[in-house]
Amino acid sequence: MSYRSEEVAYVQPAQPAASAQAAQQQRSTAEYRALDAAHHIHPFSDMGSLNRSGSRVIVKAQGVYLWDSEGNKVIDGMAGLWCVNVGYGRKELADAAYKQMQELPYYNTFFKTTHPPVIELSALLAELAPEAFNHFFYCNSGSEGNDTVLRIVHQYWATQGKHSKKFVISRKNGYHGSTIAGGTLGGMGYMHEQMPSKVENIVHIDQPYFFGEAQGNLTPEEFALARAQQLEAKILEIGADNVAAFIGEPFQGAGGVIFPASTYWPEIQRICRKYDILLVADEVIGGFGRTGEWFAHQHFGFEPDLITLAKGLTSGYVPMGAVGLHDRVAKAIIENGDFNHGLTYSGHPVAAAVAVANLKLLRDEKIVDRVKHDTGPYFQKQLRETFANHPIIGEISGTGLVAGLQLAQDPKARKRFANGGDIGTICRDFCFNGNLIMRATGDRMLLSPPLVINKLEIDEIVSKAKKAVDATAQQLGIS
Ligand code: PXG
């Protein structure tokens, strides 16, 4: 079967998409907004201000498109929140959930029981992941995945008799979730400020953000090397006997699609090996094809000891996260008694059945291959050609189907806008009004469309993004 969105087996909407409003909507937009404002607290939002402006009500989706309650068709340049890798409306996933709910909607795996979906998923992940990853632990989200990572890291060192290895090193402007552990591991200042109690023994080094933070005449490669070497300095400061792990996203997603130069990850790996420190790749965004490889660490050429998975694992159709353990870590956990960690829904049968159906689509329709050889290179080329020498674009980062556009006051001098966050919001709003979903992180505009996107749809995203960036420049009086 081909990946092209017009040829895949979408769930048939009850009505043609343009009249989704009529088919689905029980209430008027105004009623929805009033009820939402009255009863719903949104994540990461200023609710007072949102309630005054009102939310856009999304009622339906198919392929790479969303429809709002007013009948507007919006192209989703973010695959939801970096997760809807196979696109919206895939019947195979709905069928898998329906069938599993009838067969066995729930059972746990705590007390010497297991079930077919979690067995099938684990075997399939072992087939798709790099060779040394043969064991998986399940949870419901990326945040829980990183909580699980901490538990595994500490258990691992306990099994090695190295009880002093407690510190985990992470990075500023990294994102690892919003539980207490995920938020502490992440390096988002605004989240830390709201967390008077954090997880202990977590410290941060600087990120490899060349455009924003490189000083002097360093090349991107020299800068990335210097940033990686901060890990060695931090280990020496804390003492290698006290350091358990380093965690990083192969490329930072929520932090702005920050792609480190090729020198970065090999140096991080060298340092981790030298000081006997576990290396964790948070693959929540990078995993399942985003870069054109199954996992982003394969794009950057390093071998982690643990990988955190979520989002693309089920393409967001149902919640599920997981941690993949390298054989050397798995062996230690398996051979050394109880591992006291688990969640009611660890390996949930419906989520596992959907994950299996989703991974089979990614594999059998060669979606990941297409990102690598066809749609990914096309997307990158179109973006780079379209924004070459644009007066407010300083850098385009990314590979495959993920990209970051750096807004800049003086692109050639690498000078950012003093009020970059405001400019990002202006540009984001132009996108939104132009029916393109594009995410702004401060002064970087981000794209991460469903992996099934075709070239015509890529053209649509790029031309809508160009219009929004042009309108932003115009509003700033720059041309
Ligand atoms: N690790 C990474 C690398 C992530 O990007 C998480 C962990 C946490 O996953 P859960 O499933 O607990 O949310 C994430 C999540 C954004 C945005 O606006 C990004 C995420 C979540 C919500 C919003 O870019 N990433």
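An oxygen atom of the ligand sits 2.9 Å from a polar backbone atom of Gly142, a polar contact in the sense of a pair of N or O atoms within 3.5 Å. On its own the ligand would expose 540 Å², and the protein buries 84% of that, going by Shrake-Rupley areas with a 1.4 Å probe.

A word on the model itself: it is predicted, so local features need pLDDT of at least 70 and side-chain atom pairs count only at pLDDT 80 or more, while totals for chains, interfaces and linings use all residues. Numbering runs from 1 along each chain as its sequence is written, and side-chain values use heavy atoms, with hydrogens and water left out.

Around the ligand there are 16 residues, the closest being Trp82, Gly142, Ser143, Asp282 and Arg439; a residue belongs here if one of its heavy atoms lies within 4 Å. Six of the shell residues are nonpolar, six polar and four charged. Here Ala, Val, Leu, Ile, Met, Phe, Trp, Tyr, Cys and Pro are nonpolar, Asp, Glu, Lys and Arg charged, and the others, Gly among them, polar. Helix H7 supplies the largest share of the shell, three residues. Where does the ligand lie relative to domain 1 and domain 2? It lies between them, because domain 1 (14-30 + 59-89 + 366-476) and domain 2 (92-364) both give residues to the shell; the bounds come from an automatic or database domain assignment.

Helix H7 (residues 142-159) also holds Asn146, helices being DSSP runs of H or I with at least four residues, and strands runs of E with at least two, numbered from the N terminus. Asn146 counts as buried because its relative accessibility is 0%, where buried means under 20%, exposed over 50% and partly exposed in between (1.4 Å probe, protein chains only). A polar atom of the Asn146 side chain is 2.9 Å from the backbone oxygen of His176. Leaving out residues up to four places away in sequence, Asn146 touches His176, Leu185, Ile247, Asp282 and Thr308, with contact meaning heavy atoms within 4.5 Å.

Notes: Polar contact = N/O pair within 3.5 Å; in protein donor to acceptor, adjacent residues only side chain to side chain.
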